[in-house]
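Morning, everyone. I'll take it piece by piece.

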Amino acid sequence: MKRPANYKNANSGPRLGIFYPLIVVVSLVGLFDALFLTVKHFRHEVVRCTVTGGCEEVLNSAYASIGPIPLAAVGLLAYFTVFSLALMICFGYARLRAHLLGLIVLMSLMTGFLMYVQAFVLKHYCQYCLLSAAVTISCLLLVIGARIQNRSSA
Amino acid sequence: MKKSSLPFVIIGAVLLISIGVSIWLFNQGPAADSNTNTSKTTPTPSGPIPPGAEPAHTKGSAAAKVTLEEFGDFQCPPCGLLHPDIKKIEAEYGDRIFFTFRNNPLSRIHQYAYDAARAAEAAGMQGKYWEMHDKLYTNQGTWSVAANPRAEFENYASLIGLNVDQFRNDMIGQMTSSRVSLDMQRATAMGVTGTPTVFLNGKQLSAEDTNAERMRVLINEALKK
């Protein structure tokens, strides 16, 4: 069977360990969180926070959309990409690791900016955004963990 | 199954599940509605409509034959243009109509609309809702472009004689947020997609009818019935 150009047998490269499978699982949490917010946006529905109490302020703010596109939809696409890349790495597409790292770093920077906006501009927190931030930071830690493991086992 | 195709199958499955969940969520009814209506994205006033914030901000007599309910956004220019028309109608008809104003801030296009709605609600907590409502509309061009609209709102609060400290606290409090949300839920349930949207005796007026001249004609017709 002919393998794609970026395919590398998992057994031939550094060990993948638990990190990438964990990214697959964690990214699904972010995916469904973003999906929930995206649907609520297009339904013009008010999202209520049960824990933090600031969903309306955050999700109705000017920072919640880029023009007509809700930021949640961008997050949905990003989490789906993270999920797909991490899954493919688990199945031996090791060369996608750099792409995954780059994407997660980009998402972490965006998360940092959005956390700053919630803390210092809006002064309100949205629990769904905090969950998304936790997912992104977890993915960042896991991808860093995977890099360290790869270096030490190489 | 070939090993190399398995991740694509899983990705496809997750994609399908996501689409399925999206469709299911999108077709969910309003929070209080269980299974009464299948065309829930464009509900009509005949369905189960949440009441909005109670007590509502009203003018005129509750026993009046004609009710007018406006869903407005303090930062929306057409709402600002409609404001003097509504004032004329209120002055002309007095207790013969029952006017209700409800918040529907379109925050995605008007950055400060939500804060403005909360400012009006915060003034309402000190019994001066309509004074702040008028200030927000008449000064729309000023605070809408201000670097710090909250400072403008506090200035208006001071001008209409509010306790500014209390106003500041109320503006970021749960009560104002909750009232705005309740109005927005009602707006969504009634199929309001833009502002200003006015309902005359529960019937949504067209954009062409949303001015003093046409509303006068329609109110007179309704009063004759």
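Start with Phe71(B). Which residue is its bridge partner in strand 4 of chain B? The partner is Thr197(B). This is a predicted model, so read every value here as computed from that prediction.

Now widen the view. Strand 4 of chain B covers residues 197-200. Four bridges join strand 4 to strand 2 of chain B, and the two run antiparallel.

Strand 2 of chain B has another partner to look at. Find strand 3 of chain B, residues 97-103. Seven bridges link strand 2 to strand 3. Here the strands run parallel. For one pair, click on Glu69(B): Thr100(B) in strand 3 stands opposite.

How does the chain get from strand 2 to strand 3 of chain B? Through helix 2 of chain B, residues 77-93. That β-α-β crossover is right-handed.

Is strand 2 of chain B mostly covered or mostly open? Mostly covered. The strand spans residues 66-72, and six of its seven residues are buried. While you have a strand on screen, remember a general point: in a regular strand, side chains alternate between the two faces of the sheet.

Next, chain A. Count the elements with me: five helices and two strands. From the N terminus, the order is α-α-β-β-α-α-α. Chain A has 154 residues, and 42% of them count as buried. Look at contacts between residues at least 6 apart in sequence. In chain A, 79% of those join residues at least 24 apart.

Zoom in on two helices of chain A. Helix 4 is residues 97-122, and helix 5 is residues 127-153. Their axes come within 9 Å and cross at roughly 145°. The crossing is left-handed. From helix 4 of chain A they include Leu100(A), Ile104(A) and Met107(A). From helix 5 of chain A they include Ala133(A), Ile137(A) and Leu140(A).

Last stop: where the two chains meet through a pair of helices.

Who touches whom? On the chain A side, Phe83(A), Ser84(A), Leu87(A) and Met88(A). On the chain B side, Pro7(B), Ile10(B), Ile11(B) and Val14(B).

Technical notes:
Residues are numbered from 1 along each chain as its sequence is written. Chains are lettered from A and ligands numbered from 1 in the order in which they are written. This is a predicted model: local features need pLDDT of at least 70, side-chain atom pairs count only at pLDDT 80 or more; totals for chains, interfaces and linings use all residues. A residue is buried if 20 or more other C-beta atoms lie within 10 Å of its own, exposed if 12 or fewer, and partly exposed in between; C-beta atoms are placed from the backbone. Two strands pair if DSSP finds at least two bridges between them. A crossover is right-handed if, with the strands pointing away from the viewer, the path from the first strand over the helix to the second runs clockwise. Two residues are in contact if their C-beta atoms, placed from the backbone, lie within 7 Å. Axes are lines fitted to C-alpha atoms, for helices over the stretch in contact, and angles run from 0 to 180 degrees between N-to-C directions. A crossing is left-handed if the near helix is turned anticlockwise from the far one by less than a right angle, and right-handed if clockwise.
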